[in-house]
Amino acid sequence: MLGMEFQFLFLFLFLFQLHRTKPKVGIEDKNWPPFYPVIHHDIATEIPIHLQKIQYVAFGSWLGLIACLVWNFIAVTAAWCQGQGTSIWLLAIIYIITGVPGSYFLWYRPLYRAMRTDSALKFGFFFLTYICHITFCGFAALAPPFFIEGKSLA
């Protein structure tokens, strides 16, 4: 009877030690942007060397999208102050509020993780969402007269 208690104690201590020494795989430290870290981003150490240039171009594209959305908001705000309608200004606000996190979570982060793990499923999700993004940008730039006559949705 006493031997059984030692076995349980040994098993408990073994499992406790195993749990303490197990590496924390899913935890990523937030390191970007440097002045207020919000996301984990480290292309130089996590992405294979032969894919780093593509990932840097994608990162530049994502930053360019953020810059375009900010510029769109500034330009539409200036037009709104000069007497233009408020509907286009509200669209600019919706674009900047949903566009920045939406682009990160729907196409930049899946591409980053796909490059990091070389996962076909993650690449497929990236291509699907990026095609939707490109389609929306084309639709907004062409400005069909469905919503706002004579003005671009972008």
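**Exercise 1.** Is Phe127 buried, partly exposed or exposed?

*Solution.* The model is predicted, so local features need pLDDT of at least 70, side-chain atom pairs count only at pLDDT 80 or more, and totals for chains, interfaces and linings use all residues. Residues are numbered from 1 along each chain as its sequence is written, and side-chain values use heavy atoms, without hydrogens and water.
Step 1: buried means under 20% relative accessible area, exposed over 50%, and partly exposed in between (1.4 Å probe, protein chains only).
Step 2: Phe127 has a relative accessible area of 46%, so Phe127 is partly exposed.
Step 3: Phe126, at 8%, is buried.

**Exercise 2.** Determine how the rings of Tyr104 and Phe105 are arranged.

*Solution.* Step 1: rings of Phe, Tyr and Trp (its six-membered ring) pair if their centres lie within 6.5 Å; planes under 30 degrees apart count as stacked, over 60 as edge-to-face and the rest as tilted.
Step 2: the structure holds 16 aromatic pairs.
Step 3: the centres of Tyr104 and Phe105 are 5.0 Å apart with planes at 75°, so this pair is edge-to-face.
Step 4: Phe126 and Phe127, at 5.1 Å and 55°, form a tilted pair.

**Exercise 3.** Classify the relative direction of helix 3 and helix 4.

*Solution.* Step 1: helices (H or I, at least four residues) are DSSP runs, numbered from the N terminus; axes are lines fitted to C-alpha atoms over the stretch in contact, with angles from 0 to 180 degrees between N-to-C directions.
Step 2: the axes of helix 3 (residues 52-81) and helix 4 (residues 86-117) come within 9 Å and cross at roughly 175°.
Step 3: angles over 145 degrees count as roughly antiparallel, and helix 3 and helix 4 are therefore roughly antiparallel.

Key
Helix = DSSP H or I, 4+ residues; strand = E, 2+ residues; numbered from the N terminus. Parallel < 35°, antiparallel > 145°, perpendicular 65-115°, else oblique.
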